[in-house]
Amino acid sequence: MKSMRVTASEFQKEYGRYASLARRQAVTITNHGRAELVVLDAEEYERLRRLDSRVAMPVEPLSEADLDRLEQSRTPEDKRQRQKSSKDRNRKR
């Protein structure tokens, strides 16, 4: 998502303009040159909150067996790398 930077005083002076702009892209409000706040569309904010809640998972409820399986699991990228390494080794023989 694109973002526009604006000073806090400019945001106050032109609230309507930046509120309208924030419906299309994030508006970063700066104070003394540092990013302080970001204003964005409410629907985008809710989408990000839902996404965040799907990713986070407390580890405590997992059993030892679950933790062991997670530790031994491999991502599809890991599997591709192992297959590629195996093919490379076979070619060298």
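In what order do the elements of the chain run from the N terminus on?

1. Overall arrangement. The model is a predicted one. Its elements follow one another as β-α-α-β-β-α-α-α from the N terminus, giving a secondary structure of five helices and three strands. The chain has 93 residues, of which 14% count as buried. When contacts between residues at least 6 apart in sequence are considered, 21% of them join residues at least 24 apart.

2. Confidence. The chain has a mean pLDDT of 84, and 82% of its residues reach 70 or more. Helix α1 (residues 8-13) has the highest mean pLDDT among the elements, at 97, while helix α5 (residues 76-92) has the lowest, at 70.

3. An open sheet is formed by three strands in the order β1-β2-β3, with mixed pairing. β1 (3-7) and β3 (34-39) are the edge strands; because each has a single partner strand, one side of each lacks a neighbour in the sheet. On average, and with direction ignored, neighbouring strands of this sheet are turned by 30° against each other. The pairing of β2 with β3 is antiparallel and extends over five bridges. Within this region, V27 stands opposite V39 in β3.

4. The nonpolar core. Which residues make up the largest nonpolar core? The seven members are V6, F11, Y18, L21, A22, V27 and I29. At least two residues of this core come from each of α2 (15-22) and β2. The largest share, three residues, is supplied by α2. As for L21, its contacts beyond the neighbours within four places in sequence are with M4 and V27.

5. Is T28 buried or exposed? With a relative accessible area of 8%, T28 falls under the 20% cut-off, and therefore counts as buried. This residue is placed in strand β2 (residues 26-31). The side chain of T28 makes a polar contact, at 2.9 Å, with the side chain of S3. Neighbours within four places in sequence aside, T28 is in contact with S3, M4, R5 and V6, and also with A35, L37 and V38.

Conventions:
Residues numbered from 1 in each chain as written. Predicted model: local features only at pLDDT ≥ 70, side-chain atom pairs only at ≥ 80, totals over all residues. Heavy atoms only, no water. Helix = DSSP H or I, 4+ residues; strand = E, 2+ residues; numbered from the N terminus. Buried < 20%, exposed > 50% of the residue type's maximum accessible area, 1.4 Å probe, protein only. Polar contact = N/O pair within 3.5 Å; in protein donor to acceptor, adjacent residues only side chain to side chain. Contact = heavy atoms within 4.5 Å. Core = buried A, V, L, I, M, F, W, Y, C linked by side-chain atoms within 4.5 Å. pLDDT = per-residue confidence, 0-100. Pairing = 2+ DSSP bridges. Axes fitted to C-alpha atoms, helices over the stretch in contact; angles between N-to-C directions.
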